[in-house]
Amino acid sequence: MSDQFDTASGAVALPGGEWTLIGEDSPENDTSEQFVLARIGKDQDDNSHLDGLIFLTVSTKSSVTDWCERNKDALHFAPVSGTDANVKGCLAINELITRFDNLRGQHLSIATQTLDQSNVIRPDTMYFATFRLANDSKAISVSYGFDFRQRANAMIPDYAPAQSVPFQSAHSDEARERNLETVIEWARAYEASLTSRFFD
């Protein structure tokens, strides 16, 4: 799928590229839904490679204040508000591991099985841009993960950074820093689309 992912609570904007649903869970109380989506590409040896990862939770009620307070020391942190003044929340960007085998949740277990059975190679870590947003009637928590060891146009397809710089090495400190700046730039530009599609 591309462009957006439809949930019972609203549409969720997707970054460029083709995304596949690899895990989902709808608890019995029906107050929330949880999903895992992946963007899988090929490496130079034609092996399946995890290029992107999305963790998504939508619910009918949630408090974002405590989570935002706990994540103010992220690599990047900023408050977010949509066109609707009732939408409150924040954006936090961190480098996080891509393995979630030891975490609870049916959606995570299914996603792990799917990736393992398909022999998908995962980078050890990714930059995750996490939005936690809520209004009076519903809430969304979505983490967009990107493999920062790639060129910017491969890391986030269909997105052109404001400043294009030569890509020297996938593992250089400069490439890591440049791609962090790109993820921050992308996330700040993307928040309007995310909030308008889900809440409007």
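Biologist: Hi! Which segment does Asp-3 lie in?

Modeller: Asp-3 lies in the segment before strand S1 (4–6). Bear in mind that this is a predicted model.

Biologist: Noted. And what is phi of Asp-3 near?

Modeller: Phi of Asp-3 is near 75°, a positive value in a residue other than glycine. Most residues other than glycine have a negative phi. As for solvent, Asp-3 is partly exposed, with a relative accessible area of 43%.

Biologist: I also flagged Asp-46. Where does Asp-46 lie, and what about its phi?

Modeller: Asp-46 lies in the loop between S4 and S5. Its phi is near 70°, again a positive value in a residue other than glycine.

Biologist: Does Asp-46 count as buried or exposed?

Modeller: Asp-46 counts as exposed, because its relative accessibility is 55% and the cut-off for exposed is over 50%.

Biologist: Let's zoom out. How many helices and strands does the chain have?

Modeller: The chain has four helices and nine strands. Along the sequence, the pattern is β-β-β-β-β-α-β-β-α-β-β-α-α. The radius of gyration is 16 Å, close to the 16 Å from the globule rule for 200 residues, so the chain is as compact as a globular protein of that length.

Biologist: What box do the C-alpha atoms fill?

Modeller: Roughly 45 × 40 × 30 Å, taken along the principal axes. The accessible surface of the chain comes to about 10,300 Å², and 44% of that belongs to carbon and sulfur atoms.

Biologist: What percentage of the residues count as buried?

Modeller: Of the 200 residues, 50% count as buried. On contacts between residues at least 6 apart in sequence, 61% join residues at least 24 apart.

Biologist: How far apart are the mean positions of the positive and negative charges?

Modeller: They are 3 Å apart, for 17 positive and 30 negative charges.

Biologist: Now the inside. Which residues touch the most other members of the largest nonpolar core?

Modeller: In that core of 35 residues, they are Leu-56, Phe-131, Ile-140, Tyr-144 and Trp-186. Elements that each supply at least two residues of this core include strand S5 (48–59), strand S8 (125–134), strand S9 (139–146) and helix H4 (173–199). H4 gives the most, with nine residues.

Biologist: Switching to Arg-132, which strand does it lie in?

Modeller: Arg-132 lies in strand S8, and it is partly exposed, with a relative accessible area of 24%.

Biologist: Which residues is Arg-132 in contact with?

Modeller: Leaving aside neighbours within four places in sequence, Arg-132 is in contact with Val-64, Trp-67, Lys-88, Gly-89, Cys-90, Ile-140 and Ser-141.

Biologist: Last one: where is the place of Ala-160?

Modeller: Ala-160 is in the loop between helix H3 (152–155) and H4. Ala-160 is exposed, with a relative accessible area of 63%. The C-alpha atoms of Ala-160 and Glu-24, 136 residues apart along the chain, are separated by 31 Å.

Terms used. Residues are numbered from 1 along each chain as its sequence is written. This is a predicted model: local features need pLDDT of at least 70, side-chain atom pairs count only at pLDDT 80 or more; totals for chains, interfaces and linings use all residues. Side-chain values use heavy atoms; hydrogens and water are left out. The radius of gyration is taken over C-alpha atoms; the globule rule is 2.2 Å times the number of residues to the power 0.38. Buried means under 20% relative accessible area, exposed over 50%, partly exposed in between (1.4 Å probe, protein chains only). Contact means heavy atoms within 4.5 Å. Accessible areas come from the Shrake-Rupley method with a 1.4 Å probe; for residues, only the protein chains shown count as cover. Lys and Arg count as positive and Asp and Glu as negative; His and the chain ends are not counted. The place of a charge is taken as NZ of Lys, CZ of Arg, CG of Asp or CD of Glu. A nonpolar core is a set of buried Ala, Val, Leu, Ile, Met, Phe, Trp, Tyr and Cys residues joined through side-chain atoms within 4.5 Å.
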